[in-house]
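Please consult the sequence and the structure shown here.

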Amino acid sequence: MDRVGNAGEGSRGSVAERWHPAWVGLAGVLAYLPTLRYGLTRYDDPWLIGDNALLQRFEWSTIRTVLFDFSVERRLLLGAEYLPLRDLSVLLDFAVWGDAYGGHHLTQVLLYGAQCAVAAWLVLELFGSRPLSWWVGAGFALHPVHVEAVAWLSERKGVLGGVLFFSAALVGVRYLRRGAPWRLALALLLLAGAVLSKGHMLAGAGALVMSALWLGDVPPQRRWAIGVGSLVVGVLAFLPVYLAGQAVGMVQAYHGGGLLETAMLFTVVHGKYLLLTMLAGPYAIAYPLGADLDGAADPWLALLGGSALLVFAFFSVRALFRPAFRTPTSFGLSWWLVFLAPVSHVVFPLQNLLADRYLLVGIWGLLLVFGVGLVRLPVRPGRILGAAWLIASLAWTMLQVPHWESSRRLRTHAVAVHPGHIDSWHRLASEAQERGHFDEAERFVELGLAQAEGAEDRWRLHHRRALILKERGDIDEAIVWMRLAASGRRAHKAYANLAHLLAARGEWVEALAAARQATEYEPRSAHNQRTRGIMALRIGEVEEACLAFDEAVLLEPFNPDNHFNVGLCGLRSDDDAKRDSGFERAIALDPSLAPQVEQMLRSGPR
């Protein structure tokens, strides 16, 4: 693969020639400094980070659990994934910063800055052009599609996996060109770390294979070593990630209903990804695209995405079989396709149809293609076009970052971009309810229902309305809406909350039936198990209650209420060991429970 350059390279600016392109990482850091004053957003942050008691205990037992405990209960505590390096980084954040989440954001920003630095350095190592390295690095650092990955603490896995993978690629390219077994070992170790930070980084093995194929004048033994080694190490690192994901049900059904339908759907998704790459925002956590493909823009997106896939595939396949065509441009297009594969839904059916964070590493390939075109232009047009791109990128990024300042701003922006996003309407209503603004909460529910005709998750808005009515004291009307919400397996939480509402009206037998339905639909929910235990204990089904409370403890071992319930169950069943261990653990986790425990012990079984 030839190095990139043009006759005017030296005149493009002495700064680009004198300074190492890795300094571009500073631009990535500066762009996201505002996030240092942000906290958690109610977009997975509470259950993955804020309420995750396991990762707030810097102990050897926690490290062992993160690395070696593959039980479903522990995996559910850790984001329903096996990503040990991600979890250890969060654990270290709590050890250093505690719950000062500005420190967690600082870690995130520094990781991103390092990723940008190494991404720019990789361009220089591959192609030997400082102007190209600077431009691709700056374009990467400032691109607005990265806002989700950097400003959202729950995407720690992306920025950590990204910096480890780009480092693996840089060291791998140096091994290909300069040799030394330690470089090979380090590259493979970094690749394994990337995969154990985020499973999608398995695509990095393909990128290292590409590097081995595209680089010229490399000894064959080095090509084979990095190619075979990266594939073997990548698969071995991914295997526990995949098995853990299967065990907790993270592998989804195909979005389109079948493989062919999903492949057709993905042409639309790919078209949207290309528009986002080309700065055709707005950017958000949700977009008005769905598996039904009934949007007015869908045919045009399908045409764009499908045509681009064919063109990119043509140049990539041609380069694989004809070394003369292994150019930086074909390398960039192939890189895009390699990192597109694990988020294409054709290879792995993912939970989300599309997301900005899925482009975190893959976008480097298209920026490389654009950068090659820029450095081959005459100096002045190249500078003007490149500057315009970077200014537009920075402007979009500066507009996007503030949306992550609070959950309310994030969700308000989400429904502005995608009015049919039910989860955001639900979250807006929930936050208004927590503030005691019940009329506002009802208004959000109404707005969401108006947009949710026929939506599968419409039940969430019915569920939220029932909870609002309950808090307002209208139990009868709340039960009507909760029955409407309890509409199938996906709505298992509604069955559990229906049980609580029925219990408030004294209908304990029906309440237990609803709680049993909740645990049948989702037995891995501590809330569901706890609800079943409460209802069963109330009507004298002590054995069933004890089994439910024991399961709740396994699922949420740091919840003092679960241990209190176990102690109560031991008290009712005359099991002194269960009683004592449950109450002691509950008090250890929450000393304020001591008076209640003493009262229970004095009054005895009831």
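**Salt bridges and burial**

Both glutamate 81 and lysine 157 are buried. This is a predicted model, in which local features need pLDDT of at least 70 and side-chain atom pairs count only at pLDDT 80 or more, while totals for chains, interfaces and linings use all residues. Residues are numbered from 1 along each chain as its sequence is written, and side-chain values use heavy atoms, with hydrogens and water left out.

Q: What makes glutamate 81 and lysine 157 "buried"?
A: Buried means under 20% relative accessible area, whereas exposed means over 50% and partly exposed lies in between (1.4 Å probe, protein chains only). Glutamate 81 and lysine 157 both fall in the buried class.

Q: Why is the contact of glutamate 81 with lysine 157 called a salt bridge?
A: The term requires a side-chain nitrogen of Lys or Arg within 4 Å of a carboxyl oxygen of Asp or Glu. The closest N and O atoms of this pair are 2.9 Å apart, so the contact qualifies. By this rule the count comes to 32 salt bridges.

Q: Which parts does the pair of glutamate 81 and lysine 157 tie together?
A: Glutamate 81 lies in the loop between helix H5 (72–77) and helix H6 (84–97), and lysine 157 in helix H10 (residues 156–178), so the pair ties together parts that are 76 residues apart in sequence. Helices here are DSSP runs (H or I, at least four residues), numbered from the N terminus.

Q: How do you know that arginine 357 and glutamate 148 form a salt bridge?
A: Their closest N and O atoms are 3.0 Å apart, so the pair meets the cut-off. Arginine 357 is buried, and glutamate 148 is buried as well.

Definitions and conventions:
Helix = DSSP H or I, 4+ residues; strand = E, 2+ residues; numbered from the N terminus.
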